[in-house]
Amino acid sequence: MTATTPFTPLFDRLVIIGPGLIGSSILRRAHENRAIARELVASDIDAGVCARVRELGIADRVEADPARAVVGADCVILCVPVGAIGAVAAQVVPAMKHGAILSEVGSTKVSVINGVLPALASRPDIAFVPSHPMAGTEYSGPDAGFPSLFENRWCLLTPPEGTPHDAVARITALWQAMGAHIRTMTAEHHDRVCAIVSHLPHLLAFTICGTADDLAGETRSEVLDFAASGFRDFTRIAASDPTMWRDIFLNNREALLEMLDRFMADAHAMAKAIREGDDTVIVNRITRGRAIRRTLIENRQA
C-alpha cells in the first residue's frame, strides 16, 4: 500500500468580504480548487447577499458580521467598493489573527493604501498586499461571478514598501491559482495605467450614453432603435455598477483627469483633421487603433 503525501492548502481559512462579481468569482474558483483554502468564509452587510451566497453553496460559512468572519483567518480579501475599503479595514483588522494577510481588489491603489494604513498602524504583524485583478463584466452581485473570470487576465500587485516577501508570494500564488498572470508595480504607476486602460473608457461610455439619452424626441428613439455595434459596446460598459464607478472616479481623480485632458487634446486634433479634410491624420489614428486591437487579441486580452 502506497503512502500518500499530506495535503496542505495555500491557506487554511480564506475570508471574502463582499462576495459580488469579484468576490464570488474568487469563492467559486477556490471552491473548485481546494488547494487554495481548506475553509471559505464569506461576509456582507447585506442580508440578502449573505442568504444568496448560502443558497449558491460557494462558501463553507457565511457571516453577517465582518469582524466575526475574519477571526482565525489566514487571509482576508476586501472586495467592497474602493470608497469603503478603509472603513471595512478598520472594522476587521483588530479581529484578525497574528501573522494573517490582508488584501483587497480595488481599482485604485494610492487612495486605498492611504485608507487602510491607519488601521494597520497598531498591527505591524498583519501583512498588507493590495491586488487588482484586471477582469470583470458589467454585472454585479453574487450571481454574477464565475470561476474562470480571472483566467489569462492580469492581476496587478502593489505591496507597500517593507511588505514581507512571504506574504507577497502567497498572494501571488493565490492569483496564479485563479488563472491570472501577475505584475508587481508601485501604487502610483498602477493608478496612471488604470486611468487610461479602464477608468477613462468607462467615463467616456457613461458620457456617450448620457449624450444619447439627452437627445430629444424622434432622434433619441432612432439612436436607441438603430444602435450599431459600437454604441452597443459603450452601453455594455455603461451598465456597470454606479456606486463602484463613482468611488473609482473620485478616488483616482488626479490620474483620471490627467488622462482625460490628454484624450480631449487628441479628440480636438481629430476634429480639426476631419474639419480640414486631413485624411493622413485620420488614417494614422485609425491604423494605430487597429494595431492596438490586434495586440490585445494576440495577448489573449480581448
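Gly83 lies in helix H4. This is a predicted model. In it, the C-alpha atoms of Gly83 and Asp247 are separated by 5.3 Å. Along the chain, these two residues are 164 residues apart. Leaving aside neighbours within four places in sequence, Gly83 is in contact with Asp247 and Asn251. Helix H10 covers residues 242-251.

H4 itself runs over residues 82-92. Its buried residues are Val82, Ile85, Gly86, Val88, Ala89 and Val92. Several elements take part in covering them. Among the strands are S1 (11-17), S4 (75-78) and S5 (101-104). The helices include H3 (66-69), H5 (110-120) and H10. An α-helix has 3.6 residues a turn, so residues three or four places apart point the same way. Val82, Ile85 and Ala89 are among the buried residues of H4.

## H4 against H5

The axes of H4 and H5 are 8 Å apart, and the two helices pack at an angle of about 10 degrees. H4 and H5 are therefore roughly parallel to each other. From H4, the contact uses Val82, Ile85, Gly86, Ala89 and Ala90. From H5, it uses Val112, Gly115, Val116 and Ala119. By class, this contact has 7 nonpolar and 2 polar residues, with no charged residues.

Val82, Ile85, Gly86 and Ala89 meet H5.

## H7 against H10

Helix H7 spans residues 187-214. H7 packs with H10 at an angle of about 120 degrees, and their axes are 11 Å apart. That makes H7 oblique to H10. The crossing of the two helices is left-handed.

On the H7 side, the contact residues are Ser198, His199, His202, Leu203 and Phe206. On the H10 side, they are Trp245, Ile248 and Phe249. The contact of H7 with H10 has 5 nonpolar and 3 polar residues, and no charged residues.

Thr207 also lies in H7. Thr207 is partly exposed, with a relative accessible area of 45%. Its C-alpha is 8.6 Å from that of Ala238. In sequence, Thr207 and Ala238 are 31 residues apart.

## Aromatic pairs

A search of the whole structure finds 3 aromatic pairs. One of them joins Phe150 and Trp175. This pair is edge-to-face, with 5.1 Å centre to centre and 85 degrees between the planes. Phe150 lies in the loop between strand S6 (127-133) and strand S7 (154-157), and Trp175 lies in helix H6 (residues 165-177), so the pair ties together parts that are 25 residues apart in sequence. Both Phe150 and Trp175 are buried.

Phe206 and Phe249 form another edge-to-face pair. Their ring centres are 6.1 Å apart, with 75 degrees between the planes. Phe206 belongs to H7 and Phe249 to H10, so this pair ties together parts that are 43 residues apart in sequence. Phe206 is partly exposed, at a relative accessible area of 24%. Phe206, Trp245 and Phe249 form one aromatic cluster. Each of these three residues also takes part in the contact of H7 with H10.

## Two local sites

Glu63 is found in strand S3, which runs over residues 61-63. Glu63 is buried, with a relative accessible area of 12%. Leaving aside neighbours within four places in sequence, Glu63 is in contact with Val41, Ala42, Ser43, Asp44 and Cys50, and also with Arg68 and Ala69. Helix H3 covers residues 66-69.

Asn152 sits in the loop between S6 and S7. Phe150 of the Phe150–Trp175 pair lies in that loop too. Asn152 has a positive phi of about 60 degrees although it is not a glycine. Most residues other than glycine have a negative phi.

## The protein overall

The protein has 12 helices and 8 strands. Its C-alpha trace spans about 75 × 45 × 40 Å along the principal axes. Of the 302 residues, 42% are buried.

Among contacts with a separation of 6 or more, 75% are between residues 24 or more positions apart. The contact of Gly83 with Asp247 joins residues 164 residues apart along the chain.

How values were computed. Residues are numbered from 1 along each chain as its sequence is written. This is a predicted model: local features need pLDDT of at least 70, side-chain atom pairs count only at pLDDT 80 or more; totals for chains, interfaces and linings use all residues. Side-chain values use heavy atoms; hydrogens and water are left out. Helices (H or I, at least four residues) and strands (E, at least two) are DSSP runs, numbered from the N terminus. Buried means under 20% relative accessible area, exposed over 50%, partly exposed in between (1.4 Å probe, protein chains only). Axes are lines fitted to C-alpha atoms, for helices over the stretch in contact, and angles run from 0 to 180 degrees between N-to-C directions. Angles under 35 degrees count as roughly parallel, over 145 as roughly antiparallel, 65 to 115 as roughly perpendicular and the rest as oblique. A crossing is left-handed if the near helix is turned anticlockwise from the far one by less than a right angle, and right-handed if clockwise. Contact means heavy atoms within 4.5 Å. Ala, Val, Leu, Ile, Met, Phe, Trp, Tyr, Cys and Pro count as nonpolar, Asp, Glu, Lys and Arg as charged, and the others, Gly among them, as polar. Rings of Phe, Tyr and Trp (its six-membered ring) pair if their centres lie within 6.5 Å; planes under 30 degrees apart count as stacked, over 60 as edge-to-face and the rest as tilted.
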